[in-house]
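The stops below are intended to be followed in order.

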Amino acid sequence: MAPPAATSWHARLRRLSRSRADRTATGFFVIDGPLLVRDALEAGVELEGLWVETGLHDELAGAAEAAGVAVHVVPPNGVARYRLSDLVTPQGVVALARQPATTLDDVIDRNLLLVLVGVGDPGNAGTLLRSAEATGVGAVLFCEGSVDPFSPKCVRASAGSIFHVPVVSAGGPTEVLERIGGSGARRLATSAHRGDPYDEADLAGRVALVLGSEAHGLPAGLERLLDATVHVPMAGRTESLNVAVAGSVLLFEAARQRRRSVAPGSVR
């Protein structure tokens, strides 16, 4: 293992944990905690380095070294002392990872896309990433105005799904929806009450599900770029669902329809 990380590394990790601008400019992000670090290793995420406190997570450190990752030892409580994590009580290990270089061109032709327009809460975004992995989504597109998918809170909320689902910081929503429409996919927006019930919509073909912000939904002016709107019927006095819940309901319905549309023994 390498000696304790230099002060410059401390400062770099602190900036990446706290600054979206630094993550965007450098293409790196911080992974916090042993479970996520192990998941990243097993998923083949490119790790630049691992910082681990003395006497902790020796097996994980050994696995990282075996994978060619530089391992740096910090003193007990060093992750908190040097503020290498944004957590108040970190778990003694963080990794520096390179963001995947996936672009819109790489995923535009996939059958099921999830498009986030102004989804600002990292917990909601992370939950949607988990549902996206569970339902076989081809890619999750984070349009401008949405949370940074590689922020520490979003990475944690994804429970590692961000390492397994293609994620694209895709640009402005108008450009993204025009590109998707031009590729031949249908663009379906969600609404609290408008449009067809979600379970009556055709979600089995090439579809992009488009989710808007928690507070305001989709911005005005995007209607012309949408092919249909769907909603989740609700009983009782509930006005609307949390965006992560609504999006997950639609994703699992899309997965159900796709399973039904595939004949036994056929290849999708």
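The tour visits aromatic pairs, then an arginine, then a helix.

The model is predicted: local features need pLDDT of at least 70, side-chain atom pairs count only at pLDDT 80 or more, and totals for chains, interfaces and linings use all residues. Residues are numbered from 1 along each chain as its sequence is written, and side-chain values use heavy atoms, without hydrogens and water.

**Aromatic pairs.** The structure holds two such pairs (ring centres of Phe, Tyr or Trp, for Trp the six-membered ring, within 6.5 Å; planes under 30 degrees apart are stacked, over 60 edge-to-face, the rest tilted). Select Trp-9 and Trp-51, a tilted pair at 5.4 Å centre to centre with 45° between the planes. Trp-9 lies in helix α1 (residues 7–18) and Trp-51 in strand β2 (residues 47–53), 42 residues apart; helices (H or I, at least four residues) and strands (E, at least two) are DSSP runs, numbered from the N terminus. Trp-51 is buried at 0% relative accessible area (buried is under 20%, exposed over 50%, partly exposed in between; 1.4 Å probe, protein chains only). Next, select Phe-29 and Phe-150, tilted at 4.9 Å and 50°; both are buried.

**Arg-23.** Select Arg-23 in helix α2 (residues 20–26). Arg-23 counts as buried because its relative accessibility is 5%. Its contacts (heavy atoms within 4.5 Å) beyond four places in sequence include Phe-29, Asp-148 and Phe-150.

**Helix α7.** Finally, select α7 (residues 122–134), whose end C-alpha atoms are 18 Å apart.

Terms used. The expected span of a helix is 1.5 Å times one less than its number of residues.
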